[in-house]
Amino acid sequence: MKLGYRVEDGDRLGSLLWEFGPGWRMISSAMLGGGIGPRAWVLNAQVAAGYARMDPVAHLTELGPGGDGVGMMTAASVDRYARAGDGGAEAVATVGLRVPTWAAAPEGAADPELAPMAGTVNIVATLPVAMTDAALVNAVMTMTEAKTQALLEAGYPCTGTASDAVCLAVRDSGPEEVFCGPRSEWGARLARAVHAAVRQGAEAWRPGYRKSGILGK
């Protein structure tokens, strides 16, 4: 994972880039490279609050290293990422919670100051095993449940934000795991890694918090 910076419209913005190379398969909800398939890199790019470009996929493609990859965006400061591992499962989270949101809200309920990318929890995780498509879907459920548990334990009344994204990278060969729920071997490890990373990020994040620093080890 590499942390880099760029300047756009006078703003200094960070990016986290993972360059996996061949041999990996990913599942992601990201705008660029979402779905399930072989991917070689993941980019988590910071954008300015109030991001207004209408071509985010093209923008992410410009920022990426080329080829097939996953690209996601956040207005959170990515240099304040939180990282955790558990038994071979690794997770990195960038946490922005200016507009914490309940997933199921009454129809027509307004989120105060809701704007694209205003607050986003992005999670990138890896497992050193291969998985069936069904297990990958199961893994995304497990990651989301662990994220929500961490946010609630950190004192935020929400299930996440309206713009959260997730990406899980697994090996593309070898015996395939068929389960990744929170009580399966690898699902439990993934859940603990994601929970720890999101909990660190959520506890460090406060409205107006601007100090840079790397969380976790």
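Ser 15 lies in strand β2 (residues 11–19). The model is a predicted one.

Q: Why is Ser 15 called buried?
A: Its relative accessible area is 14%, and buried means under 20%. The value falls under the cut-off, so Ser 15 is buried.

Q: What makes the pair Ser 15 and Arg 6 a polar contact?
A: The side chains of Ser 15 and Arg 6 come to 3.1 Å. A polar contact needs a pair of N or O atoms within 3.5 Å, so the pair counts as one.

Q: Which residues does Ser 15 touch, leaving out those up to four places away in sequence?
A: Among them are Lys 2, Leu 3, Gly 4 and Arg 6, and also Leu 43, Asn 44, Ala 45, Gln 46 and Val 78.

Q: Why is Val 70 called buried?
A: Val 70 is found in strand β6 (residues 69–74) and has a relative accessible area of 0%. Buried means under 20%, so Val 70 is buried.

Q: What does Val 70 touch, not counting residues up to four places away in sequence?
A: Its contacts include Met 26, Ser 28, Ala 30, Leu 32, Trp 41 and Cys 167. As for Tyr 5, it is 65 residues from Val 70 in sequence and 18 Å from Val 70 in space, C-alpha to C-alpha.

Q: Why is Pro 106 called exposed?
A: Pro 106 has 62% relative accessibility, and exposed means over 50%. The value is over the cut-off, so Pro 106 counts as exposed. Pro 106 is found in the loop between β8 (89–95) and β9 (121–126).

Q: How far apart are Pro 106 and Pro 182 in sequence and in space?
A: They are 76 residues apart in sequence and 29 Å apart in space, C-alpha to C-alpha.

Q: What makes Asp 133 and Arg 25 a salt bridge?
A: Their side chains meet at 2.7 Å, N to O. The cut-off is 4 Å, so the pair qualifies. The pair links distant parts of the chain, with Asp 133 in helix α2 (residues 133–153) and Arg 25 in strand β3 (residues 24–28), 108 residues apart.

Q: Which label, buried or partly exposed, does each of Asp 133 and Arg 25 get?
A: Asp 133 has 43% relative accessibility and counts as partly exposed, because that value lies between 20% and 50%. Arg 25 has a relative accessible area of 16%; this is under 20%, so Arg 25 is buried.

Q: How do you know that Arg 199 and Glu 153 form a salt bridge?
A: The closest N and O atoms are 2.9 Å apart, and the limit is 4 Å, so Arg 199 and Glu 153 form one. This pair also links distant parts of the chain: Arg 199 is in helix α3 (residues 185–204) and Glu 153 in helix α2, 46 residues apart.

Q: Why do Arg 199 and Glu 153 count as partly exposed?
A: Arg 199 is at 25% relative accessibility and Glu 153 at 37%.

Q: How many salt bridges does the structure hold?
A: The structure holds 10 salt bridges. Arg 53, Asp 55 and Glu 62 are linked in a network of salt bridges.

Q: How do you know that the buried residues of α1 line one face of the helix?
A: The buried residues of helix α1 (residues 56–63) are Pro 56, His 59 and Leu 60. Seen down the axis of α1, they fall within an arc of 95°, so they line one face. What covers them includes β1 (2–8), β5 (41–46) and β6.

Q: Why is the protein chain called as compact as a globular protein of its length?
A: The chain has 3 helices and 13 strands. Its radius of gyration is 16 Å, close to the 17 Å that the globule rule gives for 217 residues, so the description applies.

Definitions and conventions: Residues numbered from 1 in each chain as written. Predicted model: local features only at pLDDT ≥ 70, side-chain atom pairs only at ≥ 80, totals over all residues. Heavy atoms only, no water. Helix = DSSP H or I, 4+ residues; strand = E, 2+ residues; numbered from the N terminus. Buried < 20%, exposed > 50% of the residue type's maximum accessible area, 1.4 Å probe, protein only. Contact = heavy atoms within 4.5 Å. Arc of directions from axis to C-beta. Rg over C-alpha atoms; globule rule 2.2 N^0.38 Å. Polar contact = N/O pair within 3.5 Å; in protein donor to acceptor, adjacent residues only side chain to side chain.
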